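I opened my notebook for a quick look through this one. Here is what I looked up, in the order I went.

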Amino acid sequence: MGDDTGVETVRAAELNDQSSSGDNRKEVDIYPLSCYYFGSKEAIVFKDETLSDRVKRMKSNFASYGLRTSVEAVILVELFKHPHILLLQVRNSIFKLPGGRLRPGESDIDGLRRKLSRKLSASDAGDEAEWEVGECLGMWWRHDFETLLYPYLPPNVKKPKECTKLFLIRLPESRKFIVPQNLKLLAVPLCQVHENQKIAFLVSHQMPAVWCLKTESGTFKDGDLLVNKDGVRIVSQSEPEAPPLIKPSEIDVDDQLNLEDIDAIKVVGKGNGGIVQLVQHKWTGQFFALKIIQMNIEESARKQIAKELKINQSAQCPYVVVCYQSFYTNGAISILLEYMDGGSLADFLKKVKSIPEPYLAVICKQVLKGLMYLHHERHIIHRDLKPSNLLINHRGEVKITDFGVSAIMTSTSGLANTFVGTYNYMSPERIIGGNYGSKSDIWSLGLVLLECATGKFPYSPPNQAEGWTNFYELMEQIVEDPPPCAPSDQFSAEFCSFISACVKKDPKERKSAHELLELPFLSMYNDLDVDLSSYFNNAGSPLATL
């Protein structure tokens, strides 16, 4: 960041000095976040009141004490070579600058030190002097009790109801922050503070007037912060050091990932159960897929489902899509998943129509390894294996997804052990309502492979012109007719034998995922050195373009 100590130097000018030069600027050092230590203390009690109650309280206080004055702290640190501002998160949704309301007769500096000690120090009193309060960076006004705070006071407003002042805090090179247990202290990049109106205005309007960086160009030399008439943004003359990616093993269920930390980019999938969005994590730039499922059930049940999804989908297997986090919010379950940039096998089939045996063998081997993990290590039956639940990426990886969703839908729909999943790929034993196990997934795999090889679903309606009149016709055909097979004149004997092993009507005669991995079809093309990555990429990825 410029010198060996990793300190960024920024100059703060007085708020009223709009020039870019002058002798009254003072330097403030911004130290890396790693220089600081963090702990927790007893929770702070907040007023639990409605908006109307708050307005009544403000009117009463104004009648007794006059103008309400609040002070808030702008505390800067350096993280990933970018300036970050410290914010307090309240109730998982409200982000605020540290500070609060002054007592009657209390000075700005003393009040801010008291508030910082209460919210960021080991005790509420006795260490106020540790906080070095610098320049006033801005003032916000509430014109009347019902309006929001604004960064100006119109000349016609003679008796404003509230004034909030923002002060720069000069941190020492090292200190400990002690935060109440019901608050979270977050370091937010200056380029990402647009959702907080006070900070956003400070950055986009006032910062160019009050900040001047130490270099002649007006930017940091590494991971640059650019200040100009358009506000503050990050520029880079060289590739900046990327934040470390979030790993599933590092996720704390309650802490690390929040829906507030992600930006939606676009919808990449729709189905009967909901939608799938491509989203990006604000701080790391990492892409995820967000599956949103609407459920008309009790609130307590939704929360339990989110918890179970996290347990069921925290799979550590390279052939299963990673579930990073599950949320219950706004009457829906939201599941944050690994993003597979090639879309689904169903998407891919629309492009290529059918998949040759050598590629199909490599795809099948990955799917079987994923099923073996689910069946034998996690004791999970997928229940809804189909082309749209097999995802691919540009690296040539094939992964199973949605293995926990169907089980949850079963337990909440009152249809346990019956028709949860897609009828087309459902095994005969499930259709007739009998007991079933992991081999019902093997039947589904056989149909998926046969569809990929031939380019069409293995079962045909009695009247091709009319199609299926209802799903009972299909279900009856699956139960009553002989199982489908691969045409021997179009495919190898090894592939035909493999399909036959998957689609035995009696589940006891079907082979397990482990047994299928030993069949000749999966090894007969090993000498060809099949490149699945090139195959996927040459066909074109339906979702990779942002």
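Before noting any surface figure, I wrote down that accessible areas come from the Shrake-Rupley method with a 1.4 Å probe. I also noted that this is a predicted model.

**Entry: surface and burial.** I looked up the accessible surface of the protein chain and got about 26,600 Å². Carbon and sulfur atoms hold 49% of that surface. I then checked burial: of the 546 residues in the protein chain, 49% count as buried.

**Entry: fold.** I went through the secondary structure and found 13 helices and 22 strands in the protein chain. Next came the contacts with a separation of 6 or more, and 66% of these are between residues 24 or more positions apart.

**Entry: cysteines.** How many disulfides does the structure hold? I found 0. I took Cys136 as a case to follow up: its closest cysteine sulfur is in Cys163, 8.0 Å away. A disulfide needs the two sulfurs within 2.5 Å, so this pair is too far apart for a bond. Cys136 counts as partly exposed, because its relative accessibility is 21% and the buried class stops under 20%. Cys317, at 10% relative accessibility, counts as buried.

**Entry: His382.** Where is His382 placed? I found His382 in the loop between α6 (357-377) and β21 (390-392). Is His382 buried or exposed? Its relative accessibility is 0%, so I put His382 down as buried.

Key: Residues are numbered from 1 along each chain as its sequence is written. This is a predicted model: local features need pLDDT of at least 70, side-chain atom pairs count only at pLDDT 80 or more; totals for chains, interfaces and linings use all residues. Side-chain values use heavy atoms; hydrogens and water are left out. Buried means under 20% relative accessible area, exposed over 50%, partly exposed in between (1.4 Å probe, protein chains only). Helices (H or I, at least four residues) and strands (E, at least two) are DSSP runs, numbered from the N terminus. Contact means heavy atoms within 4.5 Å.
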